[in-house]
Amino acid sequence: GKGTLYSIDLPHFYDGSEPGQYVTHEGNKELKGFVPKGKEPGWLVPTELRYRWKLILGDSNVELPKLVDTISSIDIFYHDGDHSYETMQKEFAIAWEKIPKEGFLLSDDIDWNSAWKEFVKQELAAQTVSYRHFGIAKKSL
């Protein structure tokens, strides 16, 4: 009954039954598209919750710093975008500053590079759990 979901998206569309793949410079397989033909970014957000959802179209490296300047805190931050080391480190650091005690930092594909391991090790105030390729850090200070 409260809160706002913010999404920052630089949408990549695909034609056909499934997105194609490419190999990143780090050797990981990445999807070329995430949004099916005929759909829009946020197509998975339930209609009844869209009034509490704000879509920001653009690069997270540009848009995330602007967004965090306008909000007081982030209870849950979920990274599932550009999985380069640089972007992951930058997003984690920006979001962490706004995450209050007992808030969460989540990330997909944490094993694609060392960004997650280095960040949670550096932030001793974090309790962390990882499962397969997914990481959760709870801010404890």
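These legends describe close-up views of a predicted model. In it, local features need pLDDT of at least 70 and side-chain atom pairs count only at pLDDT 80 or more, while totals for chains, interfaces and linings use all residues. Residues are numbered from 1 along each chain as its sequence is written, and side-chain values use heavy atoms, with hydrogens and water left out.

View 1. Helices (H or I, at least four residues) and strands (E, at least two) are DSSP runs, numbered from the N terminus. Along the sequence the pattern reads β-β-β-β-β-β-α-β-α-β-α-β-β. The protein has 141 residues, and 38% of them count as buried. Buried means under 20% relative accessible area, exposed means over 50%, and partly exposed lies in between (1.4 Å probe, protein chains only). Take the contacts with a separation of 6 or more: residues 24 or more positions apart account for 57% of them. A contact means heavy atoms within 4.5 Å.

View 2. Two strands pair if DSSP finds at least two bridges between them. Strands 9 and 10 run antiparallel and are joined by six bridges. Gln-127 has Lys-138 of strand 10 as its bridge partner.

**View 3. Helix 1 packs against helix 2.** The angle is about 5°, and the axes are 10 Å apart. Axes are lines fitted to C-alpha atoms, for helices over the stretch in contact, and angles run from 0 to 180 degrees between N-to-C directions. The two helices are therefore roughly parallel to each other. Angles under 35 degrees count as roughly parallel, over 145 as roughly antiparallel, 65 to 115 as roughly perpendicular and the rest as oblique. Helix 1 brings Ser-60, Asn-61, Leu-64, Pro-65 and Val-68 to the contact, and helix 2 brings Thr-87, Lys-90, Glu-91, Ile-94 and Lys-98. By class, this contact has four nonpolar, three polar and three charged residues. Ala, Val, Leu, Ile, Met, Phe, Trp, Tyr, Cys and Pro count as nonpolar, Asp, Glu, Lys and Arg as charged, and the others, Gly among them, as polar.

View 4. Leaving aside residues up to four places away in sequence, Gln-89 touches Ala-115, Glu-118 and Phe-119.

**View 5. Glu-63 and Lys-66 form a salt bridge.** A salt bridge is a side-chain nitrogen of Lys or Arg within 4 Å of a carboxyl oxygen of Asp or Glu. Here the closest N and O atoms are 3.4 Å apart. Both residues belong to helix 1 (residues 60-68); they are three residues apart, so about one helical turn separates them. Glu-63 is buried at 17%, whereas Lys-66 is partly exposed at 46%.

**View 6. Lys-138 and Glu-102 form a salt bridge.** The pair links distant parts of the chain, 36 residues apart. Lys-138 is in strand 10 (residues 134-139), and Glu-102 is in the loop between helix 2 and strand 8 (104-107). The closest N and O atoms are 2.8 Å apart. Lys-138 is partly exposed at 25%, and Glu-102 is partly exposed at 42%. The structure holds two salt bridges.
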